[in-house]
Amino acid sequence: MAKKNIFTDSFGNIYILKRIIIFILGIVSYRRFNGFNKLKITGTENLSDLPDSNVLFVSNHQTYFADVAAMYHAFCAVNNGYHNTIKNPVYLLNPKVDFYYVAAEETMNKGILARIFKIAGAVTVKRTWRAEGKNVNRMVDMSEIENIMKALDNGWVITFPQGTTSAFAQGRKGTAKLIKNQRPIVIPIKINGFRRAFDKKGLKIKVTGVKPTMEFQPALEIDYDNESATEILDKIMHAIGQTPEHNLLHEYDVKQKEIKSQSQQQ
């Protein structure tokens, strides 16, 4: 494990600057999650006894920034002894600064606000399958994997294994391979309602009165030596509610196909 610096994080960002950014962004976004739309958080008791490093959170993804902003609120609240609530924003005065999230490089380079979010804790990666709205096929940049491992060595990391805000998209095996190699504690997070409440970027409120949910689940039981990357990925996707059996529209489509097939046979 790399030795921690008391003044900067793993990537040289100054802690005092990070604290200021997290505080300002937290104050600006607070009413979005505890006013216009009441965020319901459950399961933060599963975070109480976690170590300070090598913890990987895996979550489904619904907006570019609102999901992560809400997670910052939840982690900062837990860091100050508040569980399943963000009603007392005093926790923003003592944020959890060794917290990082994996984000697409092209997203984090668009605009000043995205760059500010980047300083708050983004570990950027280039997607190997899609770039600038087009399908691509490129090799994984190993330096990016090393950056994620560096972040894990020094704190908590959140990653979105689907790599997109599209519901029920295919999970990427790279997350599972990283887990086999680094052997972190893996905490699944299941979110819902963000897509309905906010625009795709997560910066504008689409509808008020929505109650987005964020559920922290117990650590996954993983046999790092004997389970394959595919088996680990299947566990993750099931835990975050992104497998076909969680897709009500998928079930409806299957039933419609069965009805159509039966009518054709008669």
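**Entry 1: strand β3**

I began with β3, which is mostly covered, since 6 of its 6 residues are buried (buried means under 20% relative accessible area, exposed over 50% and partly exposed in between, with a 1.4 Å probe and protein chains only). I noted that Phe99, Tyr101 and Ala103 point one way from β3 while Tyr100, Val102 and Ala104 point the other way, and that all are buried. For the record, this is a predicted model, in which local features need pLDDT of at least 70 and side-chain atom pairs count only at pLDDT 80 or more, whereas totals for chains, interfaces and linings use all residues. Residues are numbered from 1 along each chain as its sequence is written, and side-chain values use heavy atoms, with hydrogens and water left out.

β3 pairs with β7 in the parallel sense over 3 bridges, and Tyr101 stands opposite Ile158 in β7. β3 also pairs with β4 in the parallel sense, over 4 bridges, with Val123 in β4 as the bridge partner of Val102.

**Entry 2: the sheet around it**

I traced an open sheet of 7 strands in the order β1-β9-β8-β2-β7-β3-β4, with mixed pairing. Its edge strands are β1 (40-42) and β4 (122-125), each of which pairs on one side only. From one strand to the next the twist averages 20 degrees (axes are lines fitted to C-alpha atoms, for helices over the stretch in contact, and angles run from 0 to 180 degrees between N-to-C directions).

Strand β2 (residues 55-59) and strand β7 (residues 156-159) pair in the parallel sense over 4 bridges, and there Leu56 stands opposite Val157 in β7. I also followed β9, which pairs with β1 in the parallel sense over 3 bridges and with β8 in the antiparallel sense over 4 bridges. On β9, Thr213 is the bridge partner of Lys40 and Phe216 is the bridge partner of Ile189. The covered face of β9 holds Met214 and Phe216, and its uncovered face holds Thr213 and Glu215.

**Entry 3: cores and helix α2**

Of its 47 residues, Phe33, Phe57, Tyr101, Phe194, Met214 and Phe216 touch the most other members. Helix α2 (residues 66-79) gives the most to this core, with 11 residues. A second, separate core of 24 residues includes Val123, Val125, Ala151 and Leu233.

I checked Met214 individually: leaving aside its neighbours within four places in sequence, Met214 is in contact (heavy atoms within 4.5 Å) with residues including Leu39, Ile41, Ala70, Met71, Ala74, Ile189, Ile191 and Phe194. I also recorded that α2 lies across β1, β2, β3 (99-104), β7, β8 (185-192) and β9 (213-216), running at about 55 degrees to β9.

**Entry 4: the α6 and α8 pair**

I found that the axes of helix α6 (residues 173-182) and helix α8 (residues 229-239) come within 8 Å and cross at roughly 110 degrees. That makes α6 roughly perpendicular to α8 (angles under 35 degrees count as roughly parallel, over 145 as roughly antiparallel, 65 to 115 as roughly perpendicular and the rest as oblique). The contact is made by Lys173, Thr175, Ala176, Lys177, Ile179 and Lys180 of α6 together with Ala229, Thr230, Ile232, Leu233 and Ile236 of α8.

**Entry 5: two backbone angles, and totals**

I flagged Asn54, in the loop between β1 and β2, for a positive phi of about 60 degrees although it is not a glycine. Phe168, in the loop between β7 and α6, has a positive phi of about 60 degrees although it is not a glycine. Phe168 counts as partly exposed because its relative accessibility is 31%.

Among contacts in the chain between residues at least 6 apart in sequence, 72% join residues at least 24 apart.

Terms used:
Core = buried A, V, L, I, M, F, W, Y, C linked by side-chain atoms within 4.5 Å. Pairing = 2+ DSSP bridges.
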